[in-house]
Amino acid sequence: MKTPRPGQGRDGTQPSRVDAALGSTLPAWAASDAFPFGTLLALLTGRPSDAEVLETAAAMAPVGARWQAILPVPMPERVACQWGEAPDHALAVDHAVRREDATTHLATMRRKVQGMVANAGCEVGESPARTLPDSLLGVARRARLVVMAAPCVVPPEAPSTASWFSRILMQSGRPSLVLPPGARLRAAPSRALVCWSAAPQATRALHDAMHALPPQCHFHLVSVVGSSGARADAVSAASLAP
C-alpha cells in the first residue's frame, strides 16, 4: 500500500496554486462592463437542451437587442493525480479538458440555432467551483430576464448545476423563465402562468416579469401561502404556451 505524500489525501487529490489568482478576483465575463444592466441572460448547462434555451432566449429578447448566453464551467481546485505527477500539471490538464469540452459544446449549440442567435454573445463562463454560484448570481441580478433549463437530477451534472440554479431562482430578484424537460418556445408566448411568493425579491421580479412578457400575452398569477418549502415549489413552477 502506498503512503500518501505530505499534503496529499488518500484519494490522490492535492491542493493546487493554479486557481489562486482566479479565486481572488471576479471573472471577466461577470464584470459589469461585460454584462450591462438590463441584458437578457441565458444560462446553459452543457446538455443538448441548451439549444431550446437559446431558442427561447432569442424569442424573448427585444427585437434587435443584444443578449448574452453563458455556459458555466466550474473549475476544481484539486484533482486526483497519478503517482509522481505534479499536482499543478494534473489540474492544468483537467481544466484544459473542461475548457475544450465547453467550447466545443457551445459551438455545436450555435450551429443548431444559427439563425436565431445573431444578436447573442455566447461564451464559456469558467470560474473556481467554490465562487461560481456567487459570480452567476451577480450577473443574474443585472439581467432583464434569466432563461434557464430545469436542472438535471442525474450526476455528474446535478451538483454543479444545482449549486447555482436555486440561488438564481430564489435570490436574484429577477424574473426567471425555467424550461422543463422537452419544452420549446420559438416565439413570444401568448399565455403565461406567473408564480410568485411574498418575498421582497419575488415582488421585484414580478414587476419586471410583466414588462418582459409581450403586451398581448394573457397571464395568470399564482401565489402559494404556507411553509417556505411550498412557496419555493410554487416559485420554481412556470408554464408558457406559444
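Buried means under 20% relative accessible area, exposed over 50%, and partly exposed in between (1.4 Å probe, protein chains only). Helices (H or I, at least four residues) and strands (E, at least two) are DSSP runs, numbered from the N terminus.

Residues are numbered from 1 along each chain as its sequence is written. In this predicted model, local features need pLDDT of at least 70, side-chain atom pairs count only at pLDDT 80 or more, and totals for chains, interfaces and linings use all residues, while side-chain values use heavy atoms, with hydrogens and water left out.

**Overall**
- The protein has seven helices and 10 strands.
- Buried residues make up 44% of its 242 residues.
- Take contacts (heavy atoms within 4.5 Å) between residues at least 6 apart in sequence: 80% of them join residues at least 24 apart.

**The sheet**
- Five strands form an open sheet in the order S5-S3-S2-S6-S7, with parallel pairing. Two strands pair if DSSP finds at least two bridges between them.
- Strands S5 (120-128) and S7 (176-179) are the edges, and each pairs on one side only.
- Neighbouring strands are turned by 25° against each other on average, direction ignored. Axes are lines fitted to C-alpha atoms, for helices over the stretch in contact, and angles run from 0 to 180 degrees between N-to-C directions.
- Strand S2 (residues 39-43) runs parallel to strand S3 (residues 67-75), and four bridges join them.
- Leu43 stands opposite Ile70 in S3.

**Helices on the sheet**
- Helix H2 (residues 50-60) lies across S2, S3, S6 (143-149) and S7, at about 155° to S6.
- The buried residues of H2 include Asp50, Glu52, Leu54 and Met60.
- Helix H3 (residues 87-112) packs on the sheet, where H3 touches S3 and S5. Its direction makes about 155° with that of S3.

**The cores**
- A nonpolar core is a set of buried Ala, Val, Leu, Ile, Met, Phe, Trp, Tyr and Cys residues joined through side-chain atoms within 4.5 Å.
- The largest has 34 residues, and Leu40, Leu54 and Trp67 touch the most other members.
- H2 gives the most to this core, with six residues.
- Leaving aside neighbours within four places in sequence, Leu40 is in contact with residues including Phe35, Ala57, Trp67 and Val147.
- Another core, of 19 residues, lies apart, and among its members are Trp29, Trp164, Phe165 and Leu169.
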